[in-house]
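Hello,

Here is the structure we talked about handing over. Please have a look at it first; my notes follow below.

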Amino acid sequence: MRLKPTYIFLFTLLFNLTSFAQIDPSLLKRIPKDTVKNILNMDALYNRPALNINKTPISIGGYVEMNWQKLTTDGVSEGHQFQARRLSVFISSAISKRVKFLSEIEFEDGGKEIAIEFASVDVEFDPLVNLRAGIILNPIGSFNQNHDGPKWEFTDRPISSTQMLPDTFSNAGVGLFGKKYTKNWMFGYEAYLSGSFDNSIIENTQNKTFLPAVKNNPERFEEINSGEPLFTGKIALRNSKIGELGISYMGGIYNKFQDDGIVIDQKRRVAVFALDFNTTLPKIKTFITTEFAWIYVDVPQTYSQQFGNKQRGGFIDIVQPILTKTILGWEKATLNIACRLEYVDWNVGKFKETGGNIGEDLWSIMPAISFRPTSQTVIRLNYRYLKQRDIFSNPPSITDGFNMGISTYF
């Protein structure tokens, strides 16, 4: 949810919490994130380190990301760039027995954008039946909920998650979630009705079907363009020895099809299907996580073929620890090598006139080295090599260069 100059309120809130904490540091107690295996991606919102203020139900935490980069596209570069990517602050509260509140406020690009990523009340009736209401993160794929910078070995978020899917995507909504585990197996589900997409997904400055354009419309937190809610559902299954598999769906009407009871257009749907999987290979401890999505949009026939009605893409991350020991006084510090493979096609199909494939796609490879002095802090160096083709599949533009950054919880 985009905020206008409510900076004063936010800074006052943070100042008061900080001032209270400074009165007596002994009242602050670090709550470590859960390290047990019986967690799913859906638990990422609560599975974060935080400081608990003694004798109060309030916990506070957050993370920060800062980067340097130098990229070149077809021989042209903007030179060295330093980026204050984001600062996220979480505030949670155990309101009463089985009633919790959690919020996440994110400052992006040095404060140029401020967003409420998440702000919900959770009410537990049973481990399998929990009510969630407020501003929710739609559980499509895995990255949208599990997006904290310190968890990843790469400075950039996945292209398929941010330039095809609208991660991080949040809406006002309500729904149910729950989980159950027995021995090595765990099952979880989420089902929400929420705010939806609007015509901006086909009417935008990108001049193509582009779901992330909806994030520029703050009114989606107040009204639904079509008048019909978006449904998002996910089922996750985890085996402690195999890994976690998630299957998710998000769909609804995106266009305004009637005005004052008068039908002005047919109902046009957007539908997204996603699969995600993560596992850690035994003995060598190689961590693999992947997410792929397929998008279907009912585009009016009056639009040109540059507005695709089918899109697909995804990524796979492979992270291999190569050294874990005490380094410079940090116990259990870890040095990793990693690689991310990415692919996105914004316009799946063929030209009607020629039968040739429609372009508008890219692929990227990003090798990385990361150092973790603790599990909550990562220093990472990435190299990106990316090829992107236009709609006519002309010879691709090539982007390459280095990124280096640090991200940490606090």
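**Overall fold**

Of the contacts in the protein chain between residues at least 6 apart in sequence, 61% join residues at least 24 apart. Keep in mind that this is a predicted model. The chain holds two helices and 21 strands. Its radius of gyration is 22 Å, which agrees with the value near 22 Å for a compact globule of 410 residues. The C-alpha trace spans about 70 × 55 × 50 Å along its principal axes. Buried residues account for 48% of the 410 residues.

**The second largest pocket**

This pocket holds about 1400 Å³ of space. It is lined by 40 residues, and the closest to its centre are Arg85, Asp109, Asp156, Thr162 and Gln163. Strands S3 (58–73), S4 (76–77), S5 (81–96) and S20 (377–389), together with helix H2 (159–164), each give two or more residues to the lining. The largest share comes from S5, with five residues. By type, the lining divides into eleven nonpolar, 16 polar and 13 charged residues.

**Lysine 267**

Lysine 267 sits in the loop between strand S14 (262–263) and strand S15 (269–280). Leaving out residues up to four places away in sequence, lysine 267 touches Glu228, Ile253, Asn255, Phe257 and Asp298. Lysine 256 is eleven residues away along the chain, and the two C-alpha atoms are separated by 7.9 Å.

**Backbone points to check**

Most residues other than glycine have a negative phi, and most peptide bonds are trans.

- Aspartate 167 and threonine 168 are joined by a cis peptide bond, with omega about -5°. Threonine 168 lies in the loop between H2 and strand S9 (170–182).
- Aspartate 74 has a positive phi, near 50°. It is in the loop between S3 and S4. Its relative accessibility is 52%, so aspartate 74 counts as exposed.
- Lysine 283 also has a positive phi, near 70°. This residue is in the loop between S15 and strand S16 (287–297). At 83% relative accessibility, lysine 283 counts as exposed.

Best wishes

Conventions:
Residues are numbered from 1 along each chain as its sequence is written. This is a predicted model: local features need pLDDT of at least 70, side-chain atom pairs count only at pLDDT 80 or more; totals for chains, interfaces and linings use all residues. Side-chain values use heavy atoms; hydrogens and water are left out. Helices (H or I, at least four residues) and strands (E, at least two) are DSSP runs, numbered from the N terminus. Contact means heavy atoms within 4.5 Å. On a 1 Å grid over the protein atoms alone, a cavity is a set of points where a 1.4 Å probe fits but cannot get out, and a pocket is an open set with protein on both sides within 12 Å along at least five of seven lines; lining residues have an atom within 4 Å of a point. Grid points are joined across faces, edges and corners, and a volume is the space filled by probe spheres set on the points. Ala, Val, Leu, Ile, Met, Phe, Trp, Tyr, Cys and Pro count as nonpolar, Asp, Glu, Lys and Arg as charged, and the others, Gly among them, as polar. The radius of gyration is taken over C-alpha atoms; the globule rule is 2.2 Å times the number of residues to the power 0.38. Buried means under 20% relative accessible area, exposed over 50%, partly exposed in between (1.4 Å probe, protein chains only).
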